[in-house]
Amino acid sequence: MAACGAAEVVFVERDPVLAALCRRNIALNGLTSRARVIEADILHMRDGRWADRPIAADIVVTNPPFLEPGRSRPSPDP
């Protein structure tokens, strides 16, 4: 975010403890006007929405999925 002064960021986190930590980091870094946190699980999206929140983004970045082997489709690119 620091490299792009116009960027607005939405963090999506399913764990309430980690979402709170993210909010704290946003505040400590003075980014509350440009960043927010949605507590949601991206695996439970329906038609590009979470409840009444439409989701659209120019760029999407995710952490690797930390799922149990056999419970997801792994990337063909190791």
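Start by selecting D41, which is buried, with a relative accessible area of 18%; buried means under 20% relative accessible area, exposed over 50% and partly exposed in between, with a 1.4 Å probe and protein chains only. The model is predicted: local features need pLDDT of at least 70, side-chain atom pairs count only at pLDDT 80 or more, and totals for chains, interfaces and linings use all residues. Residues are numbered from 1 along each chain as its sequence is written, and side-chain values use heavy atoms, with hydrogens and water left out.

**From D41 to R14**

The side chains of R14 and D41 meet in a salt bridge, 3.7 Å from N to O. R14 lies in the loop between β1 and α1 and D41 in the loop between β2 and β3 (49–50), so this pair ties together parts that are 27 residues apart in sequence. Helices (H or I, at least four residues) and strands (E, at least two) are DSSP runs, numbered from the N terminus. A salt bridge here is a side-chain nitrogen of Lys or Arg within 4 Å of a carboxyl oxygen of Asp or Glu. While D41 is buried, R14 counts as exposed at 53% relative accessibility.

**R23 and E39**

By the salt-bridge rule the count comes to two. For the other pair, select R23 and E39, whose closest N and O atoms are 3.1 Å apart. R23 lies in helix α1 and E39 in strand β2, so the pair ties together parts that are 16 residues apart in sequence. R23 counts as partly exposed at 36% relative accessibility, and E39 is partly exposed too, with a relative accessible area of 40%.

Stay on R23 and show its surroundings. Which residues does R23 touch, not counting those up to four places away in sequence? They are V37 and E39, where contact means heavy atoms within 4.5 Å. For a distance across the fold, pick R23 and I38: they are 15 residues apart in sequence and 9.8 Å apart in space, C-alpha to C-alpha.

**The strands on either side of the helix**

Now select β1 (residues 9–13) and β2 (residues 35–39). The two strands run parallel and are joined by five bridges; strands pair if DSSP finds at least two bridges between them. Within this pairing, F11 stands opposite V37 in β2.

**A patch on the surface**

Switch to a surface view and select V10, V12, I42, L43 and L67, which make a nonpolar surface patch of about 420 Å². Patches are made of residues with over 30% relative accessible area and no salt bridge; like charges are joined within 9 Å, nonpolar side chains (Val, Leu, Ile, Met, Phe, Trp, Tyr) within 5 Å. V10 has its place in strand β1 and counts as partly exposed at 41% relative accessibility.

**The whole chain**

Finally, select the whole protein chain. It has one helix and four strands, in the pattern β-α-β-β-β along the sequence. Of its 78 residues, 13% count as buried. The accessible surface comes to about 7000 Å², of which 55% belongs to carbon and sulfur atoms; accessible areas come from the Shrake-Rupley method with a 1.4 Å probe, and for residues only the protein chains shown count as cover. Among contacts between residues at least 6 apart in sequence, 50% join residues at least 24 apart.
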